[in-house]
Amino acid sequence: MIPTITAFERSPDRGRGLARDMRVRWALEEVNRPYDVRLLSFSDMKEPAHRRLHPFGQIPTYEEGDLALFESGAIVFHIADRHAGLLPVDTNARARAIAWMFAALSTVEPPIVEFGMASLFERDKPWHEERLPVLEDRVRVRLGELSSRLGDADWLDVEFSAGDLLMVTVLRRLGASGLMEGYPSLSAYVARGEARPAYKRAFADQLAVFTASVK
Ligand SMILES: N[C@@H](CCC(=O)N[C@@H](CS)C(=O)NCC(=O)O)C(=O)O
């Protein structure tokens, strides 16, 4: 059965692959599974029909037969659990890869999202200038810790896994902020992820959606 995922019909990132459907597309490409995409406007996402799939009215969702999932991490885990290629077979290595999935989404992503939201939506607030360096420092703390752990390894735990897939997508959110500049090993790590053929296919597909939406 071919799963259907949801994505923005016109992504606010203008096709930079920062929306979270990118993670799901990349995971499906890594395991060589075809998928369909249902595109949604911001108002479609808040309609009852979509909220039945996603209680918070967001993308991405994943439908496959009688299974409906939301939360990009849960979806990537489901794909990795069902298909070979994204989680090691060895039980302990698999548990460590899953720990990196959680680390990406619950330890590294929150300060990055907080920083991104402040940069986008709080620029006009009187306290913005004071708050921004605090948020930048929180991001730098995590980048420093992650960079120390990665060292000069290619991936977080020997083999590329769903943990790396999520971590790379999380780090990419720093985009043009300049915050990655002090961490060359992390920049190289992100570039290794982006060089994977599955990543390139996923990126091209989400970009094609944006390009078509502005024609
Ligand atoms: N924790 C959720 C976050 C989902 C999320 O924030 N989705 C964004 C797109 S990347 C969205 O739908 N934003 C529109 C909105 O919240 O109205 C996940 O990882 O799936």
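## Around the ligand

A nitrogen atom of the ligand sits 2.8 Å from an N or O atom in the side chain of glutamate 71, which falls under the polar-contact cut-off (a pair of N or O atoms within 3.5 Å). This is a predicted model, where local features need pLDDT of at least 70, side-chain atom pairs count only at pLDDT 80 or more, and totals for chains, interfaces and linings use all residues. Residues are numbered from 1 along each chain as its sequence is written, and side-chain values use heavy atoms, with hydrogens and water left out.

| Side chain | Ligand atom | Distance to side-chain N or O |
|---|---|---|
| Glutamate 71 | nitrogen | 2.8 Å |
| Serine 72 | oxygen | 2.6 Å |
| Arginine 20 | oxygen | 3.1 Å |

On its own the ligand has 510 Å² of accessible area, and the protein covers 79% of that (Shrake-Rupley method, 1.4 Å probe).

The shell around the ligand (residues with a heavy atom within 4 Å) includes Phe8, Phe42, Met45, Lys46, Gln58, Ile59 and Pro60. By class, the shell splits into six nonpolar, two polar and four charged residues; here Ala, Val, Leu, Ile, Met, Phe, Trp, Tyr, Cys and Pro count as nonpolar, Asp, Glu, Lys and Arg as charged, and the others, Gly among them, as polar.

Asparagine 32 isn't a glycine, yet has a positive phi of about 60 degrees. For context, most residues other than glycine have a negative phi, and most peptide bonds are trans.

Now for the charges: there are 15 salt bridges, counting a side-chain nitrogen of Lys or Arg within 4 Å of a carboxyl oxygen of Asp or Glu. One of them pairs aspartate 21 with arginine 25, at 2.8 Å from N to O.

Technical notes. Polar contact = N/O pair within 3.5 Å; in protein donor to acceptor, adjacent residues only side chain to side chain.
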